[in-house]
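Please look at the sequence and the structure below before reading on.

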Amino acid sequence: GLDPAQPYFQGTPTEVRLDKSDADFVDIIHTDSAPTIPNLGFGITPAIGHIDFYPNGGEQMPGCGKNPVSQIVDLDGIWEGTRDFVACNHLRSYKYYSDSIIYPNGFLGYPCASYDLFQSGRCFPCPQEGCPNMGHYADKFKGKITKDFLKLYLNTGEARDFPLWRYKVTVTLSGKSKVKGYVNVALYGSDGNTKQYQITKGTLKPDNTYTAYIDAEVNVGKVTKVKFLWNNNWINPTFPKLGASTITVESGQNG
């Protein structure tokens, strides 16, 4: 189900809308499930399949908040850009699906009670039976469903290519004195490298541990090295030094 319709269908009997009784395996991608009034959400909100994916929380998709002009003069041309401006969130569902065909290991959906809990890292890493892949390969998970309904959360990119891979990065700092600034980390691996991601900013204290969940644009495979960078936001005449005593990287896919 690619963002099944909300207006006239939400809250109706199962006979008239898509429901998991309609097939052996029904998987749903919710991309525009904000209430129709006042938010003009075109997609249905409740979980109605065997597994229901809510990318980016299921209501507002990254890249859809761009200003109308840049969206209409889109890379895909004026016709698609105009259509995207009117129903961008709703139409993301088929774009994620088409990207999922090219990325069989992408779009992992994490089982979670809510998007907020997912964002805070409470539903990380994938459980023992693994995470289903949103889109074309979701049916590989068919034999592993134990609950009546399964809500799955993930984040995507702003434009294609859409899949992101989630990592937990934990940094323990070393040094002599605390400073203000930020810490960035980039991952290098057997299958590719990521850009720099900010792990923390503000007061940086030696021996303190900082954790961030990053959604990387690359599945790095086996991590081979980590680039650590810190910066203080203004010129400091004492030239403070800061390092990392440990950096731990955990992949959401296999822990």
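## Overall make-up

The protein contains four helices and 11 strands, where helices (H or I, at least four residues) and strands (E, at least two) are DSSP runs numbered from the N terminus. This is a predicted model, in which local features need pLDDT of at least 70 and side-chain atom pairs count only at pLDDT 80 or more, while totals for chains, interfaces and linings use all residues. Residues are numbered from 1 along each chain as its sequence is written, and side-chain values use heavy atoms, with hydrogens and water left out.

Along its principal axes, the C-alpha trace spans about 70 × 45 × 30 Å. Of the 255 residues in the protein, 45% are buried, a term that stands for under 20% relative accessible area, with exposed meaning over 50% and partly exposed lying in between (1.4 Å probe, protein chains only). If we take the contacts (heavy atoms within 4.5 Å) between residues at least 6 apart in sequence, 73% of them join residues at least 24 apart.

The protein is divided into domain 1, residues 27–154, and domain 2, residues 165–251, with bounds that come from an automatic or database domain assignment. Across the boundary, 10 residues of domain 1 are in contact with eight residues of domain 2.

The size of an interface is often given as the accessible area lost when the parts come together. Here the buried area, which is the accessible area (1.4 Å probe) that two parts lose on being put together, summed over both, is about 740 Å² between domain 1 and domain 2, and carbon and sulfur atoms give 59% of it. On the side of domain 1, N105, F118 and F124 supply 54% of the area that this domain buries against domain 2, more than any other three residues.

## Two residues in strands

T170 lies in strand β5, which covers residues 165–175. Is T170 buried or exposed? T170 counts as buried because its relative accessible area is 18%. Leaving aside neighbours within four places in sequence, T170 is in contact with T209, Y210, T211, T246, I247 and T248.

Y213 belongs to strand β9, residues 209–216, and Y213 is partly exposed, since its relative accessible area is 24%. Not counting residues up to four places away in sequence, Y213 touches S120, G121, F124, R166, Y167 and K168. The C-alpha atom of Y213 is separated by 29 Å from that of I44, and these two residues are 169 residues apart along the chain.
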